[in-house]
Amino acid sequence: MNDEDISRPKWKRWLLNRFVLVPAALVLITVGWNLWVVTHDHGIVEGRVVDAAGAPVEGAEVRLWVFNFATFVVKASTTTRPDGSFEFADNPSHNIQVSAEKPGTGRSARVPIRLYFASEDFVLKDPLRLTDGS
Amino acid sequence: MGKYPRWPIHLALLAASFVMLVPFYWVLKTSISGENIFAYPPSIIPRDPNPFYYVDVWYAIPFARFFLNSVVVSVITIVANVVLNAMAGYSLTQRFLGKSAVLMLFLSCMMIPFQTTIIPAYLITGKLGLLDSYLGLALPMFSTIICIFVFKASFDAIPRSLIDAARIDGLSDWNIIWKVMMPLAKSAMATNVILSFIWSWNNFMWPLIATRSADMQTLPLGLARFLSYQEDSTGALYAFCIMVLAPGILLFLLAQREFVQGLTSGAAKG
């Protein structure tokens, strides 16, 4: 401890050192992250389904697959609206897949989705594309 | 010193640092990329880095619970080590009959591995009713001989006249330790904190024996459990290792100056 340290007020010496500042920063980051999680963990997964030409597909069955220990199992399914959009509201997992299928139109590949925390709200950027409907 | 160039020393130190840091880098790289560690040629830069293996670990086991258990046990161990080792170290700086024998006993006991004392430790902890409790998990590590000698070396370096002056002023031995010796032995304290934390944090054998419920398990046990059903996921395994190692590395980086001072204090007494 040098002269400058000793001349500082006692509270500054106690609070403004790395043993306090680093844990305080970690606590702040943890609190901030948890606030983010609490406000974004409704389990909503949204997306769209289109056909091979890119047109929205109504009435396609979309499945939500959830990682269960060693493999993926179907957790829920829903059908698309007239504009081809779909929404799941009860995703419990952080490691999921979604797939879509409509007889006569085709089926999509299973799209893996990795989330930063369980039940994170997520919007699929690229639509699920139904192909090979014959 | 000015006579010889310093760059060969720096070069040698850089090479040694590289050799020691490469395994850590490799673990970190694999934890964010999941690459096969046996792939040839190995990639130095991680491909498609992502944090999802850490997320997998968080949800694969009750990580938060294991982390809390490890923290509580480590805090108890650190507090006990600082208090008990300081008292023991101070007593060894005093003159008393049989001091040499006590020192020899301590030194010889350092050679007894913990594994040989596990059964008596288990029986004593059981008789005290402390099995499967935080206190019971920390109990065998309450005091370590190496840390006692760290305090002793640090106290030995403090002038005897200071202790005599404190005694003339009417301070008891207890107050001499905490009001005179400890403020002058911060490096020894930091060394005690770091060593006891690392030993407690990494301890596997004793928690394996002393815990019965899954809720009381610590991180090393969690790692073993994780290995038992995630053995195919290298990325998640390495992510787990990073999550277990991080607190110890952070603590060491925070207190490394004091730690090194504590280990070398007393080495150049006089």
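Me: Which residue stands opposite Arg48(A) in β4(A)?

Reply: Ser85(A) stands opposite Arg48(A) in this strand. Strands are DSSP runs of E, at least two residues, and helices are runs of H or I, at least four residues, numbered from the N terminus. This is a predicted model, where local features need pLDDT of at least 70, side-chain atom pairs count only at pLDDT 80 or more, and totals for chains, interfaces and linings use all residues. Residues are numbered from 1 along each chain as its sequence is written, while chains are lettered from A and ligands numbered from 1 in the order in which they are written.

Me: In which sense do β1(A) and β4(A) run?

Reply: Two strands pair if DSSP finds at least two bridges between them. β1(A) and β4(A) (residues 85–88) run antiparallel, joined by 4 bridges.

Me: How many residues of β1(A) are buried?

Reply: A residue is buried if 20 or more other C-beta atoms, placed from the backbone, lie within 10 Å of its own. In β1(A) (residues 45–50), 5 of the 6 residues are buried.

Me: How many residues does each chain bring to the contact?

Reply: Residues are in contact if their C-beta atoms, placed from the backbone, lie within 7 Å. Chain A brings 9 residues and chain B brings 5. On the side of chain A, helix α3 (residues 18–39) gives the most, with 3 residues.

Methods:
Two residues are in contact if their C-beta atoms, placed from the backbone, lie within 7 Å. A residue is buried if 20 or more other C-beta atoms lie within 10 Å of its own, exposed if 12 or fewer, and partly exposed in between; C-beta atoms are placed from the backbone.
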